[in-house]
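Student: I've got a model open and want to talk through its strands, charge pairs and surface. Can we go step by step?

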Amino acid sequence: MRNPDDRLQRLASELTDLAPPRPRESPHHLGFAVPLRLRAPDPADGRELTLITTLTHFGTAADVTVAELRLEAFLPADQATSAMLAELLERRPIRQSVMRSLTAHEGATDP
């Protein structure tokens, strides 16, 4: 601790002693997040999706509707999950219509 105050040093030491021991980390431990693990859509495949989540909110929004809005996104936590999600996206027949819709909106301009 950088503070030379003895009282603060004793308090920090006391609080450190009260903290529970850190759990042993598994080989799959990400360090900063608890991953969501899902079995692959095909159980015979034996693969597993490993995702992390991010939450976003608009704290300074002037519009009440936007201020209440919360967005949650699930992101691949490893390369294998990223590859599996890309593979699943390629297999979906809806992909062409979604891509056409997105392409149509890219050319639109706001009034």
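Student: In what sense do β1 and β2 pair, and over how many bridges?

Tutor: Keep in mind that this is a predicted model, where local features need pLDDT of at least 70, side-chain atom pairs count only at pLDDT 80 or more, and totals for chains, interfaces and linings use all residues. Residues are numbered from 1 along each chain as its sequence is written, and side-chain values use heavy atoms, with hydrogens and water left out. Strands here are DSSP runs of E, at least two residues, and helices are runs of H or I, at least four, all numbered from the N terminus; two strands pair if DSSP finds at least two bridges between them. For β1 and β2 the sense is antiparallel, and the count is four bridges.

Student: Which residue in β2 does arginine 37 stand opposite?

Tutor: Arginine 37 sits in strand β1, residues 36-39, and strand β2 covers residues 48-57. Its opposite number in β2 is threonine 50.

Student: And over how many bridges do β2 and β3 pair?

Tutor: Strand β3 spans residues 70-76. In this pairing, threonine 54 stands opposite alanine 73. The sense is again antiparallel, with β2 and β3 joined over seven bridges.

Student: How many salt bridges does a search of the whole structure find?

Tutor: The cut-off is a side-chain nitrogen of Lys or Arg within 4 Å of a carboxyl oxygen of Asp or Glu. Arginine 37 meets it with glutamate 48, the closest N and O atoms being 3.7 Å apart. Searching the whole structure gives a total of two.

Student: What is the closest N and O distance between arginine 47 and glutamate 87?

Tutor: Arginine 47 lies in the loop between β1 and β2 while glutamate 87 is in helix α3 (residues 79-91), so the pair ties together parts 40 residues apart in sequence. Arginine 47 is partly exposed at 32% relative accessibility, on a scale where buried means under 20%, exposed over 50% and partly exposed in between (1.4 Å probe, protein chains only). The closest N and O atoms of this salt bridge are 3.2 Å apart.

Student: Which leucines form the nonpolar patch on the surface?

Tutor: Patches take residues with over 30% relative accessible area and no salt bridge, joining like charges within 9 Å and nonpolar side chains (Val, Leu, Ile, Met, Phe, Trp, Tyr) within 5 Å. Leucine 8, found in helix α1 (residues 6-18), has 33% relative accessibility. Together the patch has about 380 Å² of accessible area (Shrake-Rupley, 1.4 Å probe; for residues, only the protein chains shown count as cover). Its members are Leu8, Leu11, Leu15 and Leu18.
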